[in-house]
Amino acid sequence: MLEIAIPNHEAELQQLEAIGLSGYFLGFGLRFGQPDFFMNKYPDAWTKEYETENYFFGDPVAVWTITREGMVRWSQVKLPDMRKILVRAKAHGLKYGATFVVKIGSRRSFLSIARPDRELTDEEMTLLMSKMKMWAQLFTRSRVALTDQELETLRLMHSGLRQSEAAELMSISVSGLKARLDSAQKKLGARNTTSAVSTAVRMNLI
């Protein structure tokens with residue numbers, strides 16, 4: 001999936017790691033509380049505490065992410081933090097952070113990134129915002145890149161049919177069906193049919 005949204009993704013993620021020394025959380029296609037894709041590189045201990053204590057409900061940065069667009073340093077978020085979640089984050093090395101949100105249609109793509117030592121510079125803020133705008137656009141295009149025939153093939157595979165059965169239903173040859181699956185896999189950045197179907201389901205494509 002990252003291959004679609006982030007060209008040269010290995011080098012790009014290394015750059016995120018260089019800026020976000022305390023980790024980052026990257027998500028694409030957020031709608032109704034669940035992103036189509038996310039990558040959590042925050043410390044395991046913080047992630048466990050965040051999930052165990054249900055910090056999402058009351059997290060001012062999370063509220064900002066689902067209600068605002070653009071970029072903001074955490075220190076500039078003026079929403080109430082009744083549960084002192086940002087204070088707890090500092091105990092895990094997330095002392096300084098920033099969040100970037102791009103909304104396309106009804107879906108949000110976002111990046112939250114943290115450091116233990118200093119605020120992000122203006123140059124880093126501008127750089128990451130420009131990256132998020134580009135990545136969000138690429139991810140959105142990938143959602144509509146699959147043809148109706150490819151989507152129908154993935155639906156039939158998801159229903160549990162064998163390839164021969166799906167091909168018969170679609171009135172095509174098995175080799176023709178395999179060609180559609182191969183094309184869908186490449187577009188979704190999937191390794192095999194199972195992964196392609198799983199990705200399509202997660203992206204609400206089927």
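In the contact between helices H7 and H9, Gln149, Glu150, Thr153, Leu154 and Met157 of H7 meet Leu177, Arg180, Leu181, Ser183, Ala184, Lys187 and Leu188 of H9, where contact means heavy atoms within 4.5 Å. By class, this set splits into six nonpolar, three polar and three charged residues; Ala, Val, Leu, Ile, Met, Phe, Trp, Tyr, Cys and Pro go down as nonpolar, Asp, Glu, Lys and Arg as charged, and the others, Gly among them, as polar. The model is a predicted one, so to speak of local features takes a pLDDT of at least 70 and side-chain atom pairs count only at pLDDT 80 or more, while totals for chains, interfaces and linings use all residues. Residues are numbered from 1 along each chain as its sequence is written, and side-chain values use heavy atoms, with hydrogens and water left out.

The axes of H7 and H9 (residues 174-188) come within 9 Å and cross at roughly 100°. Axes here are lines fitted to C-alpha atoms, for helices over the stretch in contact, with angles running from 0 to 180 degrees between N-to-C directions. H7 and H9 are therefore roughly perpendicular to each other; that label covers 65 to 115 degrees, with under 35 counted as roughly parallel, over 145 as roughly antiparallel and the rest as oblique. H7 (residues 148-158) has another crossing partner in H10 (residues 193-202), with axes that come within 10 Å and cross at roughly 105°. H7 and H10, too, are therefore roughly perpendicular. Here Leu154, Met157 and His158 of H7 meet Thr193, Ala196, Val197, Ala200 and Val201 of H10, a contact with six nonpolar, two polar and no charged residues.

What is tucked away in H7 itself? The buried residues are Glu150, Leu151, Thr153, Leu154, Leu156 and Met157, buried being under 20% relative accessible area, exposed over 50% and partly exposed in between (1.4 Å probe, protein chains only). Their cover includes H8, H9 and H10. After H7 comes Gly160, with a positive phi near 100°.

Leu154 turns up again in the largest nonpolar core, which has 41 residues; Phe28, Phe100 and Leu154 have the most contacts inside it. Such a core is a set of buried Ala, Val, Leu, Ile, Met, Phe, Trp, Tyr and Cys residues joined through side-chain atoms within 4.5 Å. Helix H6 (residues 122-143) gives the most to this core, with seven residues. A second, separate core of eleven residues includes Tyr42, Tyr55, Ile85 and Leu94. Leaving aside residues up to four places away in sequence, Leu154 touches Leu146, Leu181, Ala184, Leu188, Ala196, Val197, Ala200 and Ile206.

Now for the strands. Ser109 sits in strand S5 (residues 107-115) and is buried, at 5% relative accessible area. Residues up to four places away aside, Ser109 touches Gly27, Phe28, Gly29, Phe100, Val101, Val102, Met132 and Ala136. Thr99 lies in strand S4 (residues 96-104) and is buried, with a relative accessible area of 0%. The neighbours of Thr99, again not counting residues up to four places away in sequence, are Val61, Trp64, Thr65, Gly70, Met71, Val72, Trp74, Leu111 and Ser112. Met71 is 28 residues from Thr99 along the chain, yet their C-alpha atoms are separated by 5.6 Å.

Two loop residues have a positive phi. Asn8, in the loop between helix H1 (2-5) and H2, has a phi near 55° and counts as exposed at 59% relative accessibility. Ser171, in the loop between helix H8 (163-169) and H9, has a phi near 60° and is exposed at 67% relative accessibility. Most residues other than glycine have a negative phi.

Overall, the chain has ten helices and five strands, which are DSSP runs (H or I, at least four residues, for helices; E, at least two, for strands) numbered from the N terminus. Of its 206 residues, 46% count as buried. Residues 24 or more positions apart account for 61% of the contacts with a separation of 6 or more. Along the principal axes, the C-alpha atoms fill a box of roughly 60 × 35 × 30 Å.
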